[in-house]
Number of protein chains: 2
Amino acid sequence: MAKRTPRVVVKLSTKVKGIGRPLNRILASLSTVDFARLRPHLEKIDLAYKQPLYDADVPIKFVYFLDTGVASLVNVMRNGDAAEVGTIGNEGIVGLPVMFGDTVAPTSVYMQVRGAGHRISAPVFWKEMERSLSLRLLALRYIHVFFNQVAQSAACAHFHTLDKRCCRWLLMTCDRMQEDDFPLTQEFLAMMLGVRRAGVTQAAGKLQRDGLIHYGRGRVRIMDRNGLVKRACECYGIGKRDFDRLLGSLPPMAAAG
Amino acid sequence: MAKRTPRVVVKLSTKVKGIGRPLNRILASLSTVDFARLRPHLEKIDLAYKQPLYDADVPIKFVYFLDTGVASLVNVMRNGDAAEVGTIGNEGIVGLPVMFGDTVAPTSVYMQVRGAGHRISAPVFWKEMERSLSLRLLALRYIHVFFNQVAQSAACAHFHTLDKRCCRWLLMTCDRMQEDDFPLTQEFLAMMLGVRRAGVTQAAGKLQRDGLIHYGRGRVRIMDRNGLVKRACECYGIGKRDFDRLLGSLPPMAAAG
DNA sequence: GGCGGCATGTACGTAAGCGTACAATAGGAA
DNA sequence: TTCCTATTGTACGCTTACGTACATGCCGCC
């Protein structure tokens with residue numbers, strides 16, 4: 001598949017400086033003037049494992065830009081059943097409703113792997129988005145990719161076996177991490193995939209036996225990335241293609257607009 | 001649940017005039033000046049059953065506003081498995097990628113119940129969106145509701161039984177139609193829900209026996225709407241709430257912005 | 001007025017995942 | 001060291017939906 005950035009480069013993980021450009025790719029792609037306007041409002045913040053970035057039906061106060069770590073858009077049912085419907089890393093923005101000019105949403109966002117980033121007041125961000133075309137274009141482009149990811153997840157969760165979905169999830173998380181090794185319990189993965197913990201044990205066991213991953217006591221390590229890709233469902237590839245398009249050049253229409 | 005508009009009122013179904021305001025609620029909500037700018041570019045169009053409005057990975061030429069009929073956002077897998085991930089009626093806009101400043105998408109949109117509406121050239125619509133704040137706000141608000149719908153569908157397809165999902169689908173379609181009676185084959189519904197036709201026969205049979213619907217030879221009729229609501233999964237109610245919010249007043253932030 | 005095809009009814013064995021329960025092990029705290 | 005708790009392993013019966021196959025019935029075409 002597409003080449004990955006070497007892991008060694010990004011050793012700055014937890015100590016992103018307030019000065020200069022942050023690691024978040026949306027912020028990094030802003031024009032100098034746009035970034036300068038946002039900068040005084042950006043507040044550096046550490047994000048703990050399982051920390052909520054916003055909750056369903058509660059007015060959203062901040063928009064988050066992750067530098068490291070991974071967040072999940074989660075849908076929780078009345079009976080407590082929960083499932084992840086989208087994943088957000090340093091390629092994106094947490095706080096979709098704000099970009100839609102809204103203040104609440106029926107879904108929540110939690111940290112899936114702890115990390116750090118910056119946040120900005122929701123109304124301030126909304127006003128900046130209205131003011132700056134380039135920021136708006138970037139945000140819209142990201143929303144599109146994220147929307148596609150959610151649409152893909154819908155079909156994926158319905159059609160594909162747990163094994164394949166595990167592979168996809170591990171790869172997506174890995175793509176958004178700086179390391180092949182990250183904290184993850186089977187319990188948590190089960191919640192993300194909306195299945196029983198026992199089911200994940202089965203699936204993960206097979207993957208480990210086949211040398212694709214190694215795990216234990218709340219950590220996973222990707223041992224054979226290509227093997228995982230082969231074993232994952234098509235959804236991973238489709239999302240990755242879109243993801244790479246996002247990080248590439250602007251699509252024609254917006255570029256012209 | 002919420003009261004419905006009486007069916008009798010909307011007998012204009014197929015003959016929407018080019019003059020005056022169309023039935024599409026987004027267009028109907030535009031300011032006079034915004035609508036005046038769009039109007040010369042709007043082209044009236046009839047939309048046949050199963051007609052594609054755009055296909056995956058093919059550049060989108062037009063944005064559609066339905067007056068009548070219902071369209072579906074569909075995700076098709078490599079092996080031919082397909083599932084609907086979103087439903088669009090006269091409350092919305094078909095052509096999300098365009099509103100994101102993009103030209104292609106990995107999903108397709110097909111007509112699920114034939115109808116009529118207007119279309120506008122994609123680049124023209126994009127430019128108008130950039131120019132007009134009120135149009136942009138309306139579009140963003142709709143995108144948010146639609147996004148929520150897709151996120152809900154993802155969890156729904158995963159957690160809920162076919163019976164309940166059938167009820168939800170019938171209700172959502174019914175909400176977007178002018179009649180309680182519309183064309184629908186079990187084969188088609190099966191494709192929308194991403195299940196076997198035989199499975200739908202079972203589920204629909206039960207609903208008919210219980211007097212909730214009546215169907216045959218490619219048509220359904222909703223007999224007991226409240227009964228269906230009771231039997232549907234929570235996803236219907238959640239979506240409906242959001243849907244009603246969309247058609248109500250502007251959310252705080254955008255109104256202030 | 002018969003025929004062909006679409007729409008629907010039904011059945012049987014199979015597979016994936018659920019709900020639940022309980023055992024085993026490892027890391028950290030006292 | 002010892003204990004406690006979080007994490008992981010495994011089993012059993014059950015439900016839902018799958019894949020496939022075949023039967024029935026209705027509509028419209030010739």
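**Figure 1. The two domains of chain A.** In this predicted model, chain A is divided into domain 1, which covers residues 16-158, and domain 2, which covers residues 161-232. The C-alpha centres of domain 1 of chain A and domain 2 of chain A lie 24 Å apart. Chain A as a whole has 11 helices and eight strands, and buried residues make up 59% of its 257 residues. Among the contacts in chain A that join residues at least 6 apart in sequence, 73% are between residues at least 24 apart.

**Figure 2. Close-up of the contact between domain 1 and domain 2 of chain A.** On the side of domain 1 of chain A, 24 residues are in contact with 15 residues of domain 2 of chain A. The area buried between domain 1 of chain A and domain 2 of chain A is about 1500 Å², and carbon and sulfur atoms give 61% of that area. The count between these two domains of chain A is one salt bridge, in which the side chains of A:Arg176 and A:Glu91 meet with an N to O distance of 3.0 Å. Five residue pairs, both members at pLDDT 80 or more, are in polar contact between domain 1 of chain A and domain 2 of chain A. The elements that give two or more residues to the side of domain 1 of chain A that touches domain 2 of chain A are strand E3 (62-76), strand E4 (82-88), strand E5 (108-121) and helix H5 (133-159) of chain A. Of these, E3(A) gives the most, with six residues. By residue class, this side of domain 1 of chain A divides into 10 nonpolar, 10 polar and four charged residues.

**Figure 3. Close-up of the contact between chain A and chain B.** The contact takes 59 residues from chain A and 59 residues from chain B, and the two chains bury about 4900 Å² between them, with 68% of it on carbon and sulfur atoms. The count between chain A and chain B is four salt bridges; in the one formed by A:Arg136 with B:Glu130, the closest N and O atoms are 2.4 Å apart. There are also 18 residue pairs in polar contact between chain A and chain B, counted where both residues are at pLDDT 80 or more. The elements that give two or more residues to the side of chain A that touches chain B are E3, E4, helix H3 (96-99), helix H4 (122-131), H5, helix H10 (234-247) and helix H11 (252-256) of chain A. The largest share of this side of chain A, 19 residues, comes from H5(A). The residues of the side of chain A that touches chain B divide into 37 nonpolar, 11 polar and 11 charged.

**Figure 4. Close-up of helix H7 of chain B and the glycine that follows.** Helix H7 of chain B, residues 186-193, is largely enclosed by the rest of the structure, because six of its eight residues are buried. The buried residues of H7(B) are B:Gln186, B:Phe188, B:Leu189, B:Ala190, B:Met192 and B:Leu193. H7(B) is followed by B:Gly194, whose phi is positive, near 70°.

Figure 5. B:Leu47 lies in strand E1 of chain B, which covers residues 43-47. With a relative accessibility of 2%, under the 20% limit, B:Leu47 counts as buried. Leaving aside residues up to four places away in sequence, B:Leu47 touches B:Leu53, B:Tyr64, B:Leu66, B:Met111, B:Arg114, B:Gly115, B:Ala116 and B:Gly117. B:Leu47 and B:Tyr110 are 63 residues apart in sequence, and their C-alpha atoms are 9.6 Å apart in space.

Figure 6. The place of A:Ser29 is in helix H1 of chain A, which covers residues 25-29. A:Ser29 has a relative accessibility of 47% and therefore counts as partly exposed. A polar atom of the side chain of A:Ser29 lies 2.6 Å from the backbone oxygen of A:Arg25. The C-alpha atoms of A:Ser29 and A:Thr173, which are 144 residues apart along the chain, are separated by 22 Å.

Notes
Residues numbered from 1 in each chain as written. Chains lettered and ligands numbered in written order. Heavy atoms only, no water. Domains from an automatic or database assignment. Contact = heavy atoms within 4.5 Å. Buried area = accessible area lost by both parts, 1.4 Å probe. Polar contact = N/O pair within 3.5 Å; in protein donor to acceptor, adjacent residues only side chain to side chain. Helix = DSSP H or I, 4+ residues; strand = E, 2+ residues; numbered from the N terminus. Nonpolar A, V, L, I, M, F, W, Y, C, P; charged D, E, K, R; others polar. Buried < 20%, exposed > 50% of the residue type's maximum accessible area, 1.4 Å probe, protein only.
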